[in-house]
Amino acid sequence: MRSVAFTTSLVAVLLLAAPLVPAAELRASLTDRDLVPVSDTVLILSPVGESRSATIPRAASPPVVMDQVNMQFEPAVLVIPQGAKVTFPNSDSVAHQVYSFSPAKRFALGLYRGVRHAPVDFEQPGLVVLGCNIHDFMIGYIVVADSPYFGKTNGAGEVQITDLPAGTYTVKAWGPRFKDKEARVLQKITLRGDDKLTLNVKLEGSLLPVRGVAGKMKGLRY
Amino acid sequence: MLWVSTLFTSACWASGPHEFTAQIDLRLTAADSSLSSFRSGGLGLLRYDASQNGAHIGPLLLDYSGPVTDTLRASVTAFATGDADKNPIDLTEAILEWRPVPVSLLRWRARLGAFYPPVSMENRGIGWQSLYTLSSSAINTWIGEEVRAIGAELNLTATGAGSGRSFDIGGVVGVYGWNDPMGVLIQKRGWAIHDRQTALFGRLPDINGIPGADGSYELFREIDHRIGYYGGLEFTYLDRVVARALHYDNRGDPAIHDSQEYAWLSRFNAYGVRIELPGAWTLIAQRLDGDTSVGVSADGRGNHILAYWSDFLLVSKAFGRHRLSARYEQFHTTTERGATRFDSHQDGEALTLAYRMDLSDHWQMTVEGLRVNSTLRHRLRIGELPNAVESSLQLVARYSLTL
Ligand SMILES: [Cu+2]
């Protein structure tokens, strides 16, 4: 049902938008070297050369939410455009103390429950690793993209990025299973008009296992 | 019930960083054993013996945890065990913890107060309760009975998540006093399996097999004025594996005693691993071996030396709000010196099966079946056979509220 609705709205958007500015679209699927889909991985399309000037920073939009539910960050991986604000509500009955010492953003929110703190600005592109100073096992990731064109792979390892202006892009990927902290440059692509490009990416090298197998632990203290 | 509803209505405004938790159990217990519980001075290994079959209200747990400053956190845990301890409600832990917000891959932690050394892999819930079963393993039951560090602990961990590494590695050291009588229970009764933690100012009756006999122990006292220590290592791989090793030595002087009790020299090595597997499976294994000694001797090691070990394997699987756990364990004590005066030889094994279900945010139900087959040589002294099979079934409805 959802995908039908999604496709329908996409068609509607295309119908509205197509006559004005032709926009290209990228569909990608990510797998590991054994062809197993890789989920929760961010794909960023950074315009290169002349098309770089075409990059319009997204207008001030409402803050994005990084929630804390059952002593886990929700979502585990969040991708935002450079300059976006993020709120960190705490939906648990216990207090959390969220922090990061990543170069892209250092911050700490005093111990809190509910919604206590103003949204946090993320001006620098890069990877921000989140922790909770009370629950050392809580780990979350915010990827601050240097371009407004990005997406995150779903459970099937698939991602779709739409409304792409014509131009040349560097395709970069980063996910919590990557051993390196820097985004991995996959390839360069050039898109014209209303190109619809499909990429099948096999990530070379070994990946870390996923976090989050421990699942929800009600009543966990230590 | 009135206070419960009063607390409940006040829950609406409780959203600050200070957490108050109240938890009360409603228990039905059915034990099958000819032995009296150690709680009444018997040589049985269960908390509730057959004479207590039926309904119980309690234990009650009260817990506070909250910030003192941005980096200091206080937590206090108290239990009312409802079994005629010296104080109707008493502390099990009281901690001032320094948790600076990490600014690099090195993470510092320090604790001051009365707390458990990092031994248990299963007692991860509020009030140091097991997440998996009602009764702790023999190892962690004993830690809850006789071991408490009253002192200071420093922990340094190199974390991996910020650097794309998949593991953390850390070390911990603790120094403490007031743990001198440690060893007396494992010597007189051996290992046991239950969920009763000895309170800091609590008292246990003398275990001589005669219910109601005089005499009692206070376990957290300083007798020889010597500082004990522990040191350990912890390795964590993602959120999948935690492995620990710890050496504990209370550095007691077994020749020294005061008007109530001897200082015991107790030392152990503890190892533990917890593995989380896809499909919400959890595996926990622990081993502890050590010795304890007491009395005057030429070599200073005491005229009575008891060696002990135990290990267990716990398998648990969660199905949404349901959790099934099974644990098998073995335990053993041997008198290595002074057996002619008091031979406390114990051999045993136990199987624990538990089903736990979260009924709502506040109510949790647990059914636990426990079967302990043990031989304790000096049960002969009270006219019992050394070997006994004790089993119990407990049904617990647990209400908890965090404000
Ligand atoms: Cu937390």
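Predicted model: local features only at pLDDT ≥ 70, side-chain atom pairs only at ≥ 80, totals over all residues.
**Interface of chain B and chain A**

- On the chain B side 47 residues make contact, and they meet 31 residues of chain A.
- The two chains bury about 3,500 Å² between them, with 50% of that area on carbon and sulfur atoms.
- Asp136(A) and Arg107(B) form a salt bridge, with 3.6 Å between the closest N and O atoms.
- By residue class, the side of chain B that touches chain A consists of 18 nonpolar, 14 polar and 15 charged residues.

- His96(A) sits in the loop between strand S7 (85-87) and strand S8 (98-102) of chain A, while His135(A) sits in the loop between strand S11 (126-132) and strand S12 (139-145) of chain A, so the pair ties together parts that are 39 residues apart in sequence.
- His96(A) and His135(A) are both buried.

**Helix H2 of chain B**

- Helix H2 (residues 138-146) of chain B is largely enclosed by the rest of the structure, because 9 of its 9 residues are buried.
- Among these buried residues are Trp142(B), Ile139(B), Ile143(B), Glu145(B) and Glu146(B).
- The cover over the buried residues of H2(B) includes helix H3 (184-188), S12, strand S13 (281-294), strand S14 (304-319) and strand S15 (322-337) of chain B.

**Salt bridges within chain B**

- Glu276(B) forms a salt bridge with Arg124(B), the closest N and O atoms lying 3.9 Å apart.
- This pair links distant parts of the chain, with Glu276(B) in strand S12 of chain B and Arg124(B) in the loop between S5 and H2 of chain B, 152 residues apart.
- Glu276(B) has a relative accessibility of 5% and so counts as buried.
- Arg124(B), at 8% relative accessibility, also counts as buried.
- Glu276(B) forms a salt bridge with Arg274(B) too, at 3.8 Å between the closest N and O atoms, and both of these residues are buried.
- Arg221(B) and Asp258(B) are joined by a side-chain salt bridge of 2.3 Å from N to O.
- Arg221(B) lies in the loop between strand S9 (216-217) and strand S10 (228-237) of chain B, and Asp258(B) in the loop between strand S11 (241-249) and S12 of chain B, so the pair ties together parts that are 37 residues apart in sequence.
- Arg221(B) is buried, with a relative accessible area of 14%, whereas Asp258(B), at 24% relative accessibility, counts as partly exposed.

How values were computed: Residues numbered from 1 in each chain as written. Chains lettered and ligands numbered in written order. Heavy atoms only, no water. Contact = heavy atoms within 4.5 Å. Buried area = accessible area lost by both parts, 1.4 Å probe. Salt bridge = Lys/Arg side-chain N within 4 Å of Asp/Glu carboxyl O. Nonpolar A, V, L, I, M, F, W, Y, C, P; charged D, E, K, R; others polar. Buried < 20%, exposed > 50% of the residue type's maximum accessible area, 1.4 Å probe, protein only. Helix = DSSP H or I, 4+ residues; strand = E, 2+ residues; numbered from the N terminus.
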